[in-house]
Amino acid sequence: MIDRIVLELGPWNWMVLGFVLLVMEIIAPGVFMLWIGIAALIIGAVSLLIWDAAVWTWQAQVLSFLVLALVSAFVGRRISIARTASDDQPLLNRRGAQMVGRMATLSEPIKDGRGRIKLGDTLWRVSGPDLPAGTQVRVTGAADTDLELKVEQV
């Protein structure tokens, strides 16, 4: 049955599959179907060139497509990671991380590991060793889940 379908459509079955995957990527973007669609288009182009070769059976085509899809998805992932790693503002929308290294004075004492400092026009919750109000501290870290800074005495 698969032999008949492959023979009826010829090399165009890969082209159709590639374009369908590219259209699906446009409708539901996620950058995953793009690479598989490109792999299908490449197999279609190769099929146009060597369709009559005895070794180019549907099994060889599917195996080549699977390998090429994995390779193209891996390459696409590497391209995506490289593109996002070169961000010119890596701390954008991470206000707590932007405060690391800044000096401040405790507005409220740190009791039981919790206190407050004022940086700019914002009061920040801080965690650190118990210290009295008015102590100079340096921000050493920021919690990702809540707006709390970690401080140490200068």
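This is a predicted model: local features need pLDDT of at least 70, side-chain atom pairs count only at pLDDT 80 or more; totals for chains, interfaces and linings use all residues.

Q: Is Gly120 buried or exposed?
A: The class follows from the relative accessible area, with over 50% counting as exposed. Gly120 has a relative accessible area of 60%, so Gly120 is exposed.

Q: What do S1 and S2 form, and how many residues lie between them?
A: S1 and S2 form a hairpin, with 2 residues between them. Asp112 belongs to the loop between these strands.

Q: What is the phi of Asp112, and why might a reader stop at such a value?
A: Most residues other than glycine have a negative phi. Asp112 is a residue other than glycine, yet its phi is positive, near 55 degrees. Its relative accessible area is 75%, so Asp112 is exposed.

Q: How many bridges join S4 to S5, and in which sense do the two strands pair?
A: S4 and strand S5 (residues 148-153) pair in the antiparallel sense, over 5 bridges. Arg138 has Glu152 in S5 as its bridge partner, and Val139 stands opposite Val151 in S5.

Q: What do the 5 strands close into, and in which order?
A: The 5 strands close into a barrel, in the order S1-S2-S3-S5-S4, and the pairing is mixed. From one strand to the next, the twist averages 50 degrees.

Q: Let us turn to the helices and to aromatic rings. How many aromatic pairs are found in the whole structure?
A: A pair of aromatic rings is described by the distance of the centres and the angle of the planes. A search of the whole structure finds 1 aromatic pair. The ring centres of Trp14 and Phe65 are 5.0 Å apart and their planes stand at 40 degrees, so the pair is tilted. Trp14 lies in helix H2 (residues 12-27) and Phe65 in helix H4 (residues 58-85), so the pair ties together parts that are 51 residues apart in sequence.

Q: Are Trp14 and Phe65 buried or exposed?
A: Trp14 and Phe65 are both buried.

Q: Where does Met15 lie, and which residues does Met15 touch?
A: Met15 has its place in helix H2. Under 20% relative accessible area counts as buried; Met15 has 13%, so Met15 is buried. Leaving aside residues up to four places away in sequence, Met15 touches Leu41, Gly44, Ala45 and Leu48. The C-alpha atoms of Met15 and Ile43 are separated by 8.1 Å, with the residues 28 apart along the chain.

Q: Finally, how may the chain be described as a whole, and what is its radius of gyration?
A: The radius of gyration of the chain is 29 Å, whereas a compact globule of 154 residues would have one near 15 Å. Along its principal axes, the C-alpha trace spans about 85 × 30 × 25 Å.

Q: What share of the residues counts as buried, and what is the accessible surface of the chain?
A: Of the 154 residues, 30% count as buried. The accessible surface comes to about 10,300 Å², and 64% of this belongs to carbon and sulfur atoms. As for contacts with a separation of 6 or more, 43% are made by residues 24 or more positions apart.

Definitions and conventions: Residues are numbered from 1 along each chain as its sequence is written. Side-chain values use heavy atoms; hydrogens and water are left out. Two strands pair if DSSP finds at least two bridges between them. Helices (H or I, at least four residues) and strands (E, at least two) are DSSP runs, numbered from the N terminus. Rings of Phe, Tyr and Trp (its six-membered ring) pair if their centres lie within 6.5 Å; planes under 30 degrees apart count as stacked, over 60 as edge-to-face and the rest as tilted. Buried means under 20% relative accessible area, exposed over 50%, partly exposed in between (1.4 Å probe, protein chains only). Axes are lines fitted to C-alpha atoms, for helices over the stretch in contact, and angles run from 0 to 180 degrees between N-to-C directions. The radius of gyration is taken over C-alpha atoms; the globule rule is 2.2 Å times the number of residues to the power 0.38. Contact means heavy atoms within 4.5 Å. Accessible areas come from the Shrake-Rupley method with a 1.4 Å probe; for residues, only the protein chains shown count as cover.
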